[in-house]
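Hi there,

Here is the structure I promised to pass on to you. Please have a look, and my notes on it follow below.

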Amino acid sequence: MSVPFGLRAGILSIVILGLFLVTWHLLVVAQQGDAAEGLDPAYAALLGKQATEGASALPKPLEVGAALWEHIRDPFYDAGPNDKGIGIQLAYSLFRVLTGFGLAALVAIPVGFLIGMSELASRAFNPFIQLLKPVSPLAWMPLALYTIKDSSLSAIFVIFICSIWPMLINTAFGVAGVRREWLNVARTLEVSRLRTAFAVILPAAAPTILTGMRISIGIAWLVIVAAEMLVGGTGIGYFVWNEWNNLSITGVISAIVFIGVVGMLLDLALARAARLVAYTE
Amino acid sequence: MAATSDPFDPDATLWTGCPCGKHASQAEHDAAHTSVIDGTDEDALLSRTVESAVLKGLFGSDANRRAFLRGVGGATALAAISQFIPLDKVKAAIADANGPLEKTKLNVGFVPITCATPIIMASPLGFYEKYGLDVDVIKTAGWAVSRDKSLAGEYDAAHMLTPMPLAITVGAGSTATPWTMPAVENINGQAITLAMKHRDKDDPSMWKGFTFGVPFEYSMHNFLLRYYVAEAGLDPDQDIQIRVVPPPEMVANLSAGNLDGYLSPDPFNQRAVYDGVGYIHLLTKEIWDGHPCCAFAASQAFIEENPNTFLALYKSILDATAYSNNPDNRKEIAAAISPRNYLNQPVTVVEQVLTGTFADGKGNVRQVPDRIGFDPFPYHSFAVWILTQMKRWGYIEGDIDYKAVAEQVYLATDAAAVMKEMGFTPPEVTYKSHTIMGKTFDPAEPEAYATSFAIGRA
């Protein structure tokens with residue numbers, strides 16, 4: 001077998017995609033019912049294709065492809081407060097995710113350091129972390145709306161609260177797991193505690209912290225869609241809701257593709273960053 | 001001086017000289033009309049001046065004002081307008097109702113259903129602009145969010161359901177927070193839709209075991225559905241299941257079989273017919289012709305802080321409501337509000353709802369021009385009826401002062417005092433009896449009405 005491994009995997013991916021699209025197409029065609037017969041033309045004119053031609057509500061892959069192309073062709077149009085291009089919607093969502101995620105990192109990493117370095121702090125914080133960690137981020141939404149009194153900030157808060165836990169726990173775990181010998185060497189050399197933190201602990205714990213950040217951004221991207229479906233206005237979640245409001249399955253599937261692509265890129269970016277701080281002992 | 005004449009007298013002219021043109025001077029005209037107050041009473045004169053200014057601001061011309069006053073009667077109009085605008089507060093806050101707008105950039109929230117037509121169409125058809133406002137109408141996922149965003153001040157005014165301010169005020173389903181309701185948006189315009197598989201069960205007595213969807217607990221939809229099935233001998237809490245389902249999800253749930261039917265706002269009844277998943281069993285107009293449905297709500301604080309802006313906004317809504325009510329304009333409005341920025345629906349669906357020429361899903365084209373109407377007048381008796389139904393189904397318990405709640409929610413704080421000061425009799429005309437499925441509702445006897453039903457919790 002002379003075909004390189006990467007190429008073989010790629011070919012297999014394309015075959016899987018092809019099979020999926022063909023199955024999808026066939027399923028939609030199979031769902032096509034019979035056209036209604038003997039309808040009064042005046043009555044039929046008031047109905048949609050589903051009622052008159054028995055068309056399936058599910059679009060064929062080519063129709064979704066056409067819709068995707070429509071969105072990509074003009075991603076930044078602005079036709080009023082409730083109708084903006086997919087690019088603008090994604091930018092709103094990304095802005096919220098990155099703001100909430102950034103704020104969470106600012107809080108989680110220092111607090112995680114503290115918890116990891118001090119047994120006392122670790123014990124003291126533990127009950128709160130254990131209690132708050134399993135709460136669904138969306139459960140915070142009504143409280144956020146009520147106290148913050150701004151739906152956009154509330155969405156950012158929900159992102160903040162959902163991305164804080166993985167980062168906090170991973171940072172604490174990474175910091176606590178730094179090898180004793182290294183700390184002892186630093187102490188022998190009379191390095192200050194602050195310098196130890198930055199020169200020894202941070203590099204040593206960085207891969208674990210980055211893993212926490214990668215988990216967090218994945219969760220944040222999952223949550224933003226749901227949060228924006230709730231508060232509406234702007235963002236990719238609102239876009240999904242608006243398409244659903246029109247019962248447009250084509251629009252919903254297009255949105256799923258965009259959400260998937262952006263989520264993949266976010267994960268890829270953090271995976272790259274993780275590679276930068278990786279080390280071998 | 002026009003300001004001394006009674007602005008609620010349809011024959012009076014606020015803008016120039018003698019109001020009716022029959023008299024050489026204002027004094028002669030005044031002498032000929034007993035309803036005109038004595039110009040020496042300073043308090044009354046001040047009230048008159050302010051009210052004249054308010055009415056001028058509201059209607060823009062004598063022709064409009066006269067048409068409105070003739071249509072509803074002076075006392076009714078005063079009662080109504082006193083609710084929308086706390087006249088004594090306005091008196092304190094503004095010297096001139098045509099004064100500068102406190103702010104011109106407003107956000108108004110709406111839920112994408114045809115009930116919100118006046119609020120929505122005022123944007124594409126330029127009604128807000130006409131009154132100097134730059135309004136963004138913001139689509140909202142549901143009424144709870146609409147309420148939260150209004151309380152947070154993100155929305156200056158919003159689309160709500162008529163029972164909501166009452167429920168919020170009496171603390172049913174939420175902490176008690178007083179909320180005022182400036183105007184009703186639409187009357188009629190809802191329907192009961194059943195799934196196609198129940199094509200042979202076009203009769204409510206056959207609905208035992210059905211699951212129905214309504215858009216919100218405190219909605220006319222819930223109360224009308226309960227009323228309707230109870231009249232057919234079914235207990236809505238025992239014999240059928242009623243679920244709260246957001247309007248956009250009604251059609252999908254109907255086609256998936258999770259719902260057997262729903263009483264929902266349009267366009268989702270017509271959309272079910274359009275997509276061939278359901279048929280229209282009956283229009284709510286056939287349960288109660290002229291029932292209120294959705295409301296235009298603004299916070300008291302917004303009105304007090306921005307009286308001129310509120311007047312302009314209220315003017316544009318009144319204007320847009322009147323325009324929406326004209327059958328000749330309905331096609332134009334349907335085309336204007338169907339795009340993605342507003343309702344996001346096929347034009348033909350919205351057009352069928354607004355014109356009343358629609359496919360019923362049973363193979364007929366029906367002609368019901370008053371399928372939906374737009375009438376801003378919030379009768380107190382509407383509120384009392386809603387409260388009797390909340391009592392009937394156990395949403396509120398114990399004694400309730402129906403009139404007091406109705407007037408607290410629908411009236412500005414001290415409108416009654418202003419009315420007395422004005423020399424008008426208390427507003428009996430904001431109460432009228434309604435006929436729901438042949439049974440007369442007398443707003444003077446709410447408790448008796450609430451307990452008069454064979455099926456109920458009261």
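A:Leu153 sits in helix α8 (residues 151-176) of chain A; helices here are DSSP runs of H or I with at least four residues, strands are runs of E with at least two, and both are numbered from the N terminus. At 46% relative accessibility, A:Leu153 counts as partly exposed (buried is under 20% relative accessible area, exposed over 50%, partly exposed in between, with a 1.4 Å probe and protein chains only). Its C-alpha atom is separated by 9.1 Å from that of A:Gly100, 53 residues apart along the chain.

Before you read on, some housekeeping. This is a predicted model, in which local features need pLDDT of at least 70, side-chain atom pairs count only at pLDDT 80 or more, and totals for chains, interfaces and linings use all residues. Residues are numbered from 1 along each chain as its sequence is written, chains are lettered from A and ligands numbered from 1 in the order in which they are written, and side-chain values use heavy atoms, with hydrogens and water left out.

Now the interface. Contact (heavy atoms within 4.5 Å) involves 33 residues of chain A and 41 residues of chain B. The buried area, meaning the accessible area (1.4 Å probe) that two parts lose on being put together, summed over both, is about 2900 Å² between the two chains, and carbon and sulfur atoms give 52% of it. A:Tyr43, A:Leu46 and A:Asn245 supply 22% of what chain A buries against chain B, more than any other three residues.

There is one salt bridge between chain A and chain B, where the term stands for a side-chain nitrogen of Lys or Arg within 4 Å of a carboxyl oxygen of Asp or Glu. The side chains of B:Arg340 and A:Glu243 form it, at 2.4 Å, N to O. A:Glu243 is buried at 5% relative accessibility, while B:Arg340 is partly exposed at 26%.

Over all chains, the structure holds 19 salt bridges. One of them pairs A:Arg96 with A:Glu228 (2.7 Å, N to O). This pair links distant parts of the chain, with A:Arg96 in helix α5 (residues 86-117) and A:Glu228 in helix α10 of chain A, 132 residues apart. A:Arg96 counts as buried at 5% relative accessibility, and A:Glu228 is buried with a relative accessible area of 0%.

In chain B, salt bridges link B:Lys105, B:Asp134 and B:Asp136 in a network.

Best wishes
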